[in-house]
Amino acid sequence: MEILSVNLGERSYPIHVGEANLERTGELLQQAGLRGKVAVITNPTVAQLYLDALDEALRHAGFEVTPILLPDGEEHKNLRSLTTVYDRLIAERFERKYCLLALGGGVIGDLTGFAAASYLRGVSDVQVPMTLLSQVDSCACGKNAVAHESE
């Protein structure tokens, strides 16, 4: 595994590049000082392929896992999906010391980053990008957003 550093002073963070990182996610979160609950935000397509392995890795490291599945597609990167995330976090009594984890492509990465930045004035955000575009776009440098829907 190669570790790249994004040097932003007190907001610096590592990027772990390599094989089998999904199975090491719990260990990597522990090394980052995270504990307690992790809300895994994903979509049904990615969940079917990867959520069980990620869930096992996180639970093995002592995390309580809350999966939040959102519909797949760019049209779901909106305030309605963001509200779904907030509602679930509130129902789970999610605190600032916990972590949101994006498991998916750009839509999931953008939405999770935005939710993490805005829930309780900011919680930790971990990105596990599953597409090449999300590896270089939504998971890097904090570029996150959702769309406003007009009725």
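In what order do the elements of the chain run from the N terminus on? The order is β-β-α-β-α-β-α-β-α-β-α. That makes five helices and six strands in the chain. The model is a predicted one.

Start with the overall form. Along the principal axes, the C-alpha atoms fill a box of roughly 45 × 35 × 30 Å.

As for burial, 42% of the 151 residues count as buried.

Now the surface. The accessible surface of the chain comes to about 8,600 Å². Carbon and sulfur atoms hold 52% of that area. Charge is next. The chain carries 13 positive and 20 negative side chains. The centres of these two sets lie 9 Å apart.

Asp110 sits in helix H4, which spans residues 106-118. Is Asp110 buried or exposed? Its relative accessible area is 3%, and buried means under 20%, so Asp110 is buried. Which side chain does the side chain of Asp110 meet in a polar contact? The partner is the side chain of Lys77, at 2.8 Å.

The backbone holds two further points of interest. Most residues other than glycine have a negative phi. Arg93 has a positive phi of about 55°, though it is not a glycine. Where is Arg93 found? It lies in the loop between helix H3 (79-91) and strand S5 (99-104). Its relative accessibility is 67%, and the cut-off for exposed is over 50%, so Arg93 counts as exposed.

Leu120 is the second case. Its phi is near 55°, again a positive value in a residue other than glycine. Leu120 also belongs to a loop, the one between H4 and strand S6 (124-129). Helix H4 is the element that holds Asp110. Why does Leu120 count as partly exposed? Its relative accessibility is 39%, which falls between the 20% and 50% limits, so the residue is classed as partly exposed.

Technical notes
Residues are numbered from 1 along each chain as its sequence is written. This is a predicted model: local features need pLDDT of at least 70, side-chain atom pairs count only at pLDDT 80 or more; totals for chains, interfaces and linings use all residues. Side-chain values use heavy atoms; hydrogens and water are left out. Helices (H or I, at least four residues) and strands (E, at least two) are DSSP runs, numbered from the N terminus. Buried means under 20% relative accessible area, exposed over 50%, partly exposed in between (1.4 Å probe, protein chains only). A polar contact is a pair of N or O atoms within 3.5 Å; within protein, one must be able to donate a hydrogen and the other to accept it, and residues adjacent in sequence count only if both atoms are side-chain atoms. Accessible areas come from the Shrake-Rupley method with a 1.4 Å probe; for residues, only the protein chains shown count as cover. Lys and Arg count as positive and Asp and Glu as negative; His and the chain ends are not counted. The place of a charge is taken as NZ of Lys, CZ of Arg, CG of Asp or CD of Glu.
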